[in-house]
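Subject: Structure handover

Hello,

Here is the structure I promised to pass on. Please open it first, then read my notes below.

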Amino acid sequence: MLDYRAKFVLAPMVRIGELPTRLLALKYGADLVWGPEIIDKKLLTCERIYNENLKTIDFRSKTGNKKIPGMTDVVFRTYPELENDKVVFQMGTSNAKLAVEAAKIVINDVGAIDINAGCPKHFSIHSGMGAALLSTPDLLCEILTNLVNEVGKPNNKPISVKIRLLPNKGDTLSLVNRLVRTGITNLTLHCRTREMRNREKPIRDYIDEIKKICNENNVSFIINGYIKDYKEFKELQNQYGNDVGVMIASAAEINPTCFNKDGTLPWYIAAKEYIKFADKFQNHPANSKYCISRIIPNVRNENVIYKLITKARTAEEFSDILLNKMDDNGKFIDKEDDKKEEITDKTTSVKHKIVDTESNIEKKIKV
Ligand SMILES: Cc1cc2nc3c(=O)[nH]c(=O)nc-3n(C[C@H](O)[C@H](O)[C@H](O)COP(=O)(O)O)c2cc1C
C-alpha cells in the first residue's frame, strides 16, 4: 500500500505531470508522483485499455478531446512497471457520487487517489472544484468520506487531499481538524492562501500546529510551496520532523531532476532525458513541446536550441534537435561551422600538398 509519510514528491501539475515528467522525476529520486488534475466527468467518459505495444495502461476518452481538436484522446497513461504504487491520481470534483464512480475506474491502476482542494485556477475552480472546496467544507468532507468508504477501504488504497491555507489560522486549523477525521491517509498543504501567487513566499507560521493535528489522527503531512530541491527537503525535515513529506511543483516544472540527492542536473541533461521518455511512451507532441519549452532556459532570447524547439512540431524533430543537434553542454552543434571547418581542413591539406610538391621539385632541382 502506498505510504505518503516522509516522502519527497512531484506535485500535481496540469499539462506538466504527464507520464514522461513523472518517470523522469522518479528516475532522479522522487518517491511518489502526482498526475495532473483530471476532472471526474472526464474520467467517466474513459475506457481502460492495456496498451500492448507500450506496456502502459491507457484511459481513453470515448468522446475525444473537443477543446483541442486533434489532441489525443488519452486522458491518463500510466506505466505500471515503474509507477506501480508510486503514482497518485489527482481528481477534480465537486460531487461525491461522481467522484466515487470516477475513482472506481482508475483505482486498480494507481497507488492512491487525491482530491484537489487547493488549485485556484479557472480549470480547477469552475463548478465548485479545487480551491473552491475550501469554502464548502461539508461538501469536501462528504467527498472524502465517501471515497474512503466506497473506494479506498474496499480496494485497500489510500485517499488524500491537497489544500491551501485559509485567510486566518483559526479557520485553517478547524478545517484541518475536520478533514483528518474523514478517514484520509494524507493531507498536503500548499502553504499559501487562495489569493497568493506562486512567486510569493509561503506562510509557514503554524505548520507545527497543523502537523500536530495530523499526527494525532494518524494522517501523514506533506508541505508544499516554494521548495526547490533535495537540500531544502532535508532542511524542512530537520525543522519540522523527519516524518514530514515535501512536495515540489514549479522547480520540477523547470527541471524534473530537482529530486536528485546530489543536486539538480543541468537543463540540457534534463531535456535529453525528458525526450527519451517522451519518445518511448509516444507522448503527444504538443505536450512534449510544452514541457521541453519549460525546461530549456531562454535568457535574453538567445538560446538557439529553444528557438529550434519552438519551430519544431513533430516528435522526430524534437528528438533530432535535443539528441543530435545539441552537444553534451547544451550548445547547438552548428553543421555550418562543421562544414566551414571541413573546407578549411581541405584547403589546408591542399596547401600542404602544394608545399610538399614544391619542396620536392626544389629537392629535385638541387639534385
Ligand atoms: C503548471 C502548474 C500546474 C498546476 N496544476 C495543478 C493541479 O493540477 N492540481 C493541483 O492541486 N495543483 C496544481 N498546481 C499547483 C501546484 O501543485 C503547487 O501546489 C503550487 O505550484 C505550489 O508549489 P511550488 O511553490 O513548488 O510551485 C499547478 C502548478 C503549476 C505550476
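Two strands count as paired if DSSP finds at least two bridges between them. Helices (H or I, at least four residues) and strands (E, at least two) are DSSP runs, numbered from the N terminus. This is a predicted model: local features need pLDDT of at least 70, side-chain atom pairs count only at pLDDT 80 or more, and totals for chains, interfaces and linings use all residues. Residue numbers start from 1 along each chain as its sequence is written.

**Overview**

The protein has 15 helices and twelve strands. It has 367 residues, and 41% of them count as buried. Buried means that 20 or more other C-beta atoms lie within 10 Å of the residue's own; exposed means 12 or fewer, and partly exposed is in between, with C-beta atoms placed from the backbone. Now take contacts between residues at least 6 apart in sequence: 66% of these join residues at least 24 apart. A contact needs two C-beta atoms, placed from the backbone, within 7 Å.

Start with β8, residues 112-117. Six of its six residues are buried, so the strand is largely enclosed by the rest of the structure. Ala112, Asp114 and Asn116 point one way. Ile113, Ile115 and Ala117 point the other way.

β8 pairs with strand β7 (residues 87-92) in the parallel sense, over four bridges. Here Phe89 has Ile113 as its bridge partner. The chain gets from β7 to β8 through helix α4 (residues 96-106), and this β-α-β crossover is right-handed. That is, with the strands pointing away from the viewer, the path from the first strand over the helix to the second runs clockwise.

β8 is also joined to strand β9 (residues 159-165), by five bridges, and the two run parallel.

Strands of a sheet pair through backbone hydrogen bonds, either parallel or antiparallel. An open sheet of three strands has the order β4-β5-β6, with antiparallel pairing. Its edge strands are β4 (46-51) and β6 (74-78), each pairing on one side only. On average, neighbouring strands are turned by 20° against each other, direction ignored. The axes behind that angle are lines fitted to C-alpha atoms, for helices over the stretch in contact; angles run from 0 to 180 degrees between N-to-C directions. Six bridges link β4 to β5 (residues 56-61). Asn51 stands opposite Thr56 in β5.

**The ligand**

The ligand is surrounded by 23 residues. The closest are Ala11, Met13, Glu37, Ala249 and Ser250. A residue is near a molecule if its C-beta atom, placed from the backbone, lies within 6 Å of it. Helix α10 (residues 250-254) gives the largest share of this shell, three residues. By type, the shell has twelve nonpolar, eight polar and three charged residues. Nonpolar covers Ala, Val, Leu, Ile, Met, Phe, Trp, Tyr, Cys and Pro; charged covers Asp, Glu, Lys and Arg; the others, Gly among them, are polar.

**Two residues with positive phi**

Tyr226 has a positive phi of about 70° although it is not a glycine. It lies in the loop between β11 (220-224) and α9 (230-240). Tyr226 counts as partly exposed because it has 19 C-beta neighbours inside 10 Å.

Arg300 is not a glycine either, and its phi is near 50°. Look for it in the loop between α12 (285-295) and α13 (304-311). Arg300 has 5 C-beta neighbours inside 10 Å, so it counts as exposed.

Best wishes
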